[in-house]
Amino acid sequence: GFTEPDKVIVYVAKFLKRKNHSFLIEVLEELPPNFKLVLAGPPLPKIHSVPGFTIDDMVKLTHKAKQLKVLDRLILQPEFVDFAKYLTMADVTCFPSVREGMGTPLLESLASGVPVVANIGESSFREHIVNDKNGYLRPLDAKQWADAIVMAARFPPEQRQQFAQETLSHYSTEIIDANYLELMMAA
């Protein structure tokens with residue numbers, strides 16, 4: 001349902017509170033009308049021990065988008081999805097989560113040539129994102145994120161290809177496996 005001038009922002013993560021999906025709806029309100037937001041990932045089970053959204057709670061996200069007048073630009077997919085398929089449609093991926101350990105999807109985004117806007121407060125994100133090169137690090141302020149998303153969506157194909165190659169040169173399966181083998185052999 002996207003058209004050529006549309007810019008697609010993708011965030012795929014389990015619907016945990018710390019993943020901060022709701023914040024991206026606030027960011028969407030600050031973006032030009034051709035920006036669309038896809039929030040996808042599995043909801044929490046009905047009985048759970050962590051804060052977040054069950055399938056029944058998805059109405060809260062929909063209600064927030066309706067209040068902010070961006071519901072027509074939001075696609076909610078509360079189910080397990082193949083992140084690789086979503087990356088093919090993404091102009092930008094976002095990672096507004098807090099207390100993030102690693103952020104493997106962030107590396108997958110970069111390896112696919114998709115720029116990232118991420119929470120500057122997370123050290124794992126600061127390890128991989130370089131402002132103006134492969135994305136932007138910003139505090140959790142909707143206007144700052146909107147500005148960063150617009151700039152990241154403008155990255156030319158050559159720049160995207162460059163940071164994808166750099167990411168793969170450090171984090172490909174072959175390199176990671178070789179590093180693990182080296183560690184095991186040293187023990």
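Colleague: Which residue stands opposite Thr 93 in strand 4?

Modeller: That's Val 10. Bear in mind this is a predicted model.

Colleague: And what makes strand 1 and strand 4 a pair?

Modeller: The cut-off is at least two bridges. Strand 1 (residues 7–12) and strand 4 have two bridges, in the parallel sense, so they count as paired.

Colleague: How do you know that strand 4 pairs with strand 5 (residues 116–119)?

Modeller: Three bridges join them, and they run parallel. With at least two needed, they therefore pair. Thr 93 stands opposite Val 116 there. Strand 4, helix 4 (residues 104–111) and strand 5 also make a right-handed β-α-β unit.

Colleague: Which way do the side chains of strand 4 point?

Modeller: Val 92 and Cys 94 go one way, Thr 93 and Phe 95 the other, and all are buried. In a regular strand the side chains alternate between the two faces of the sheet.

Colleague: Why is Lys 19 called buried?

Modeller: Buried means under 20% relative accessible area. Lys 19 has 12% relative accessibility, so it counts as buried.

Colleague: Where is Lys 19, and what does it touch?

Modeller: Lys 19 is in the loop between strand 1 and helix 1 (21–30). Leaving out residues up to four places away in sequence, Lys 19 touches Tyr 11, Ala 13, Lys 14, Pro 96, Ser 97 and Glu 100.

Colleague: What volume does the largest pocket have?

Modeller: About 220 Å³. Of its 16 lining residues, those closest to the centre are Val 12, Ala 13, Lys 14, Lys 19 and Pro 105. By class, the lining has 10 nonpolar, three polar and three charged residues.

Conventions: Residues are numbered from 1 along each chain as its sequence is written. This is a predicted model: local features need pLDDT of at least 70, side-chain atom pairs count only at pLDDT 80 or more; totals for chains, interfaces and linings use all residues. Side-chain values use heavy atoms; hydrogens and water are left out. Buried means under 20% relative accessible area, exposed over 50%, partly exposed in between (1.4 Å probe, protein chains only). Helices (H or I, at least four residues) and strands (E, at least two) are DSSP runs, numbered from the N terminus. A crossover is right-handed if, with the strands pointing away from the viewer, the path from the first strand over the helix to the second runs clockwise. On a 1 Å grid over the protein atoms alone, a cavity is a set of points where a 1.4 Å probe fits but cannot get out, and a pocket is an open set with protein on both sides within 12 Å along at least five of seven lines; lining residues have an atom within 4 Å of a point. Grid points are joined across faces, edges and corners, and a volume is the space filled by probe spheres set on the points. Ala, Val, Leu, Ile, Met, Phe, Trp, Tyr, Cys and Pro count as nonpolar, Asp, Glu, Lys and Arg as charged, and the others, Gly among them, as polar. Contact means heavy atoms within 4.5 Å.
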